[in-house]
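Subject: Structure handover

Hello,

Here is the structure we talked about. Please open it beside this email and follow along.

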Amino acid sequence: MSYPSHVPLAVVLAFAACPVWAICAGNQEPVFACSLGGKQVELCLTPAENRVTYRFGPDRAPEIELTRDFDQITVQPWNGIGRTIWDRVSLPNGGFSYTLYWAYDKIDQVVSGGIEVARGESIVASLICEDAGEGGALFELDTLNFAMQDAGYCRFDTADALRMGPCE
């Protein structure tokens, strides 16, 4: 789906902020949710505890549920360069990692998102959100980025992932 050039990105993302599947607890905020075929993926932020919870699986019955503290995840905010605005967050799980991402192409005005599953350095699965840009997906990784900054995380250079400060 494309959006008129006069529509600010915040409006596009707010339009896309109606997740199909949001089972975050009362003290959590959903920051990523989308449908992937018959399954859903969700990331919930617990700002008071500096942690996130990842869920993947059929509607209301996750097959995988992981809770990770901020120091256990890798958040790579957009570097401010190029035609595409994007954010990524990776969560480790033994020898695997789950990377959630979203992107907005400023020229084609298309929103996309998905998940990559890696075993070590090799990507073993790549799933695309089916409901990106259709009002069913939620891509608010900026909320996680700001929560981590509030908790003392920063980056020295725009190409860096967030890390515990100081970053002066």
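A residue counts as buried when its relative accessible area is under 20%. C34 has 2% relative accessibility, so C34 is buried. Keep that cut-off in mind for what follows. Note too that this is a predicted model.

**Disulfides**

How many disulfides does the structure hold? There are 2.

One joins C34 to C129, with 2.1 Å from S to S. C34 sits in strand β1, and C129 sits in the loop between β9 (122–128) and β10. The two cysteines are 95 residues apart, so this pair links distant parts of the chain. C129 is buried as well, at 6%. The torsion about this S-S bond is -60°, and the link is left-handed.

The other disulfide joins C24 to C44, with 1.9 Å from S to S. C24 lies in the loop between α1 (9–15) and β1, while C44 is in strand β2, so the pair ties together parts 20 residues apart in sequence. This link is left-handed too, because its torsion is about -80°. C24 is buried at 18%, and C44 is buried at 0%.

**The sheet**

Now find the open sheet. It has 5 strands in the order β4-β3-β2-β1-β10, with antiparallel pairing. Which strands stand at the edges? They are β4 (64–69) and β10 (138–139). Each has a single partner strand, so one side of each lacks a neighbour in the sheet. Further in, β2 (residues 39–46) pairs with β3 (residues 51–58) over 8 bridges. There, E42 stands opposite R55 in β3.

**The core**

The largest nonpolar core has 34 residues. F32, L43, Y54 and L144 have the most contacts inside it. Elements giving two or more residues to this core include β1 (29–36), β6 (84–93) and α2 (141–150). Beyond its neighbours within four places in sequence, F32 is in contact with residues including L43, W102, C129 and L141.

**Helix α2**

Which residues of α2 are buried? L141, L144, N145, A147 and M148 are. They cover an arc of only 165° around the axis, which puts them on the same side of α2.

M148 is worth a click. M148 counts as buried because its relative accessibility is 1%. Leaving out residues up to four places away in sequence, M148 touches F70, I73, V75, Y153 and L162. M148 and V75 are 73 residues apart along the chain, yet their C-alpha atoms are separated by 8.9 Å. After α2 comes G152, with a positive phi near 100°.

Best wishes

Note on methods: Residues are numbered from 1 along each chain as its sequence is written. This is a predicted model: local features need pLDDT of at least 70, side-chain atom pairs count only at pLDDT 80 or more; totals for chains, interfaces and linings use all residues. Side-chain values use heavy atoms; hydrogens and water are left out. Two strands pair if DSSP finds at least two bridges between them. Helices (H or I, at least four residues) and strands (E, at least two) are DSSP runs, numbered from the N terminus. A nonpolar core is a set of buried Ala, Val, Leu, Ile, Met, Phe, Trp, Tyr and Cys residues joined through side-chain atoms within 4.5 Å. Buried means under 20% relative accessible area, exposed over 50%, partly exposed in between (1.4 Å probe, protein chains only). Contact means heavy atoms within 4.5 Å. The arc is that of the directions from the helix axis to the C-beta atoms. A disulfide is a pair of cysteine sulfur atoms within 2.5 Å.
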